[in-house]
Amino acid sequence: MATLFTHRIELATAGPFRCHDITAELQALVERAGLGNGLLVAAGQHTTTALVVNENEERLLVDIERFFLELVPADRPWLHNDLHLRPDIPPDEPRNAHSHLIALLLGNHLSLPVVEGRLGLGRYQAVLLVELDGPRQREVLVQLWG
């Protein structure tokens, strides 16, 4: 019989654009659930974060940030940033259209196999929560089946 385990990872992010490695937290959940073989599904709970699998190498993370901010620049006249034209927004609403657009490109959920109690990641792979509009308090919903 398959079991289901649900958990939320909470973290305070740094910077307006920053990759946070959550691989160790996810692996700890696999171990706590006692899952030998199965599936991990993670879903970011925010529209200005993303979840990706990539290498957690400092210079690559800088390249990733530069790439996306050049592709979707924050200072472009995005319609979402016309705060005076949007009804019922809070006074501290950020001008963050670029963050939403980058999140669309990257995605906010992922699935990983669990094999013999370990996340099915390659040698250089890590699970990264990409903060696109921080710093903020963020949450990732995780479910494990197996």
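Leucine 4 is exposed in this predicted model, with a relative accessible area of 51%. That value puts leucine 4 in the exposed class because the class takes in anything over 50%. You'll find leucine 4 in strand S1, which covers residues 4-12.

Now for a patch with charge. Glu55, Glu57, Glu58 and Asp63 gather on the surface, and the patch they make is negative. Take glutamate 57 as one of its members: look for it in the loop between strand S4 (49-54) and H2. Its relative accessibility is 30%, so glutamate 57 counts as partly exposed, a class that runs between the 20% and 50% cut-offs.

Next, follow the chain to the loop between helix H2 (58-71) and helix H3 (97-106), where asparagine 96 sits. Is asparagine 96 buried or exposed? With a relative accessible area of 4%, asparagine 96 is buried, because the limit for that is under 20%. Leaving aside residues up to four places away in sequence, asparagine 96 touches Thr48, His80, Asn81, Asp133 and Arg136.

From there, step into H3 itself. Which residues of H3 are buried? They are Ala97, His98, Ser99, Ile102 and Ala103. These buried residues pack against S4 and H2, the two elements on either side of the loop that holds glutamate 57. Once H3 is done, glycine 107 follows, and its phi is positive, near 95°.

Technical notes
Residues numbered from 1 in each chain as written. Predicted model: local features only at pLDDT ≥ 70, side-chain atom pairs only at ≥ 80, totals over all residues. Heavy atoms only, no water. Helix = DSSP H or I, 4+ residues; strand = E, 2+ residues; numbered from the N terminus. Buried < 20%, exposed > 50% of the residue type's maximum accessible area, 1.4 Å probe, protein only. Contact = heavy atoms within 4.5 Å. Patch = residues over 30% accessible without salt bridge, like charges linked within 9 Å, V, L, I, M, F, W, Y side chains within 5 Å. Areas by Shrake-Rupley, 256 points an atom, 1.4 Å probe, with all protein chains shown as cover. Salt bridge = Lys/Arg side-chain N within 4 Å of Asp/Glu carboxyl O. Lys, Arg positive; Asp, Glu negative; His and termini not counted. Charge placed at Lys NZ, Arg CZ, Asp CG, Glu CD.
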